[in-house]
Amino acid sequence: MFFLFSPSWVLLCWLQVLCAVVFGDVWKVEVEPEMDALVSSCVVLPCSFKYPPQQQPSSRTKGMWHMKDKWEDYIYHNDPTRILDKFKGRTKLIGSQGELNCSLEIDYVRNHDNGPYCFRVELETSKIDKFSFVKNCVTINMIEKASKPVLQAETSVEEGEPAIFKCSVRHTCPSHQPTLSWSHPGKTIPSYKHIGHGKWEAESLLTFTPTKEDDHSSITCTVKYHGGVEGEMQATQPIF
């Protein structure tokens, strides 16, 4: 028995084979290889992933984080009993795995939480569809003492003229933004923005009209981080 195949049908078959080869084993993750973390505060490790096309939806995935050289040492697992004792109650996924977001928050950072840590994904109801991204792990640089905030006057400070002061600080825990406070009872406007590579900036604008009572006084901006970290993080700016 002979079968005749049209050129277009043959081409379609070859395309299907090619697609299977190119896309059949695509397991990828995007993380920042190094992150800074303030000891006693928190840090969020940004993470996104993709896996080969499957029959089951992405909402049927399980995500976990483990030590690079010890795959069974989990710092996060959906089964809390499998998490290392020193990380229990301190880690959680803050992204939606259904949206392929595997970002991890580590709370109350300790000075030995350096890592490196790797993300692992497993597709439910499958014994073979799983992958640990041990070539794309995250190392944490511990910051023992927070930096002073940056304070600057947006305009020249003159008596009777509106003055604007800006105070800002960079950090790596967007789920618990630091708070900025002022020594002057003017109007304040807080804002937060992502500046890339897992870093964020918290900013506060202070506006007021200087009076004679403000002469030779100073403006102080204080930052307080999640976990109660504050110390001597203050910056001053003299008023005329």
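## The open sheet of β3, β8 and β7

In this predicted model, three strands form an open sheet in the order β3-β8-β7, and the pairing is antiparallel. The edges are held by β3 (43-45) and β7, each of which pairs on one side only, and the twist from one strand to the next averages 20°. Between β3 and β8, which run antiparallel, there are three bridges, and within this pairing Leu45 stands opposite Leu104 in β8.

In the loop between β7 (91-93) and β8 lies Leu100, whose phi is near 60°, a positive value in a residue other than glycine. Leu100 counts as partly exposed, because its relative accessibility is 26%, and the range for that class runs between the cut-offs of 20% and 50%. In the loop between β8 (104-106) and β9 (117-123) sits Pro116, and the peptide bond that leads from Gly115 to Pro116 is cis, with omega near 5°.

## The nonpolar cores

Leu45 also has a place in the largest nonpolar core, which has 30 residues, and in which Leu45, Trp65, Ile106, Tyr117 and Phe119 touch the most other members. The strand that gives the most to this core is β9, with four residues. Apart from this core lies another one, of 20 residues, among them Leu38, Trp182, Ala235 and Ile239. As background, nonpolar side chains tend to be buried together in soluble globular proteins.

Which residues does Leu45 touch, when those up to four places away in sequence are not counted? The list consists of Met35, Trp65, Ser103, Leu104, Ile106, Tyr117, Val138 and Ile140.

The structure holds seven aromatic pairs. One of them is the stacked pair of Phe119 and Phe133, with 6.2 Å from centre to centre and 5° between the planes. Because Phe119 lies in strand β9 and Phe133 in the loop between β10 (130-132) and β11 (139-143), this pair ties together parts that are 14 residues apart in sequence. Phe119 is buried, with a relative accessible area of 1%, and Phe133 is likewise buried, with a relative accessible area of 3%.

The rings of Phe131 and Phe133 have their centres 5.1 Å apart, and the pair is tilted because the planes stand at 55°, a value that falls between the limits of 30 degrees for stacked and 60 for edge-to-face. Phe131 is partly exposed, with a relative accessible area of 32%, whereas Phe133 is buried at 3%.

## The hairpin of β15 and β16

β15 and β16 pair in the antiparallel sense over nine bridges, and in this pairing Ser191 stands opposite Glu203 in β16. The hairpin that these strands form has two residues between the strands.

## The protein as a whole

The protein contains one helix and 18 strands. Of its 240 residues, buried ones make up 40%, and the accessible surface comes to about 14,200 Å², of which 53% belongs to carbon and sulfur atoms.

How values were computed. Residues numbered from 1 in each chain as written. Predicted model: local features only at pLDDT ≥ 70, side-chain atom pairs only at ≥ 80, totals over all residues. Heavy atoms only, no water. Buried < 20%, exposed > 50% of the residue type's maximum accessible area, 1.4 Å probe, protein only. Areas by Shrake-Rupley, 256 points an atom, 1.4 Å probe, with all protein chains shown as cover. Core = buried A, V, L, I, M, F, W, Y, C linked by side-chain atoms within 4.5 Å. Contact = heavy atoms within 4.5 Å. Pairing = 2+ DSSP bridges. Axes fitted to C-alpha atoms, helices over the stretch in contact; angles between N-to-C directions. Phe/Tyr/Trp six-rings, centres within 6.5 Å; stacked < 30°, edge-to-face > 60°.
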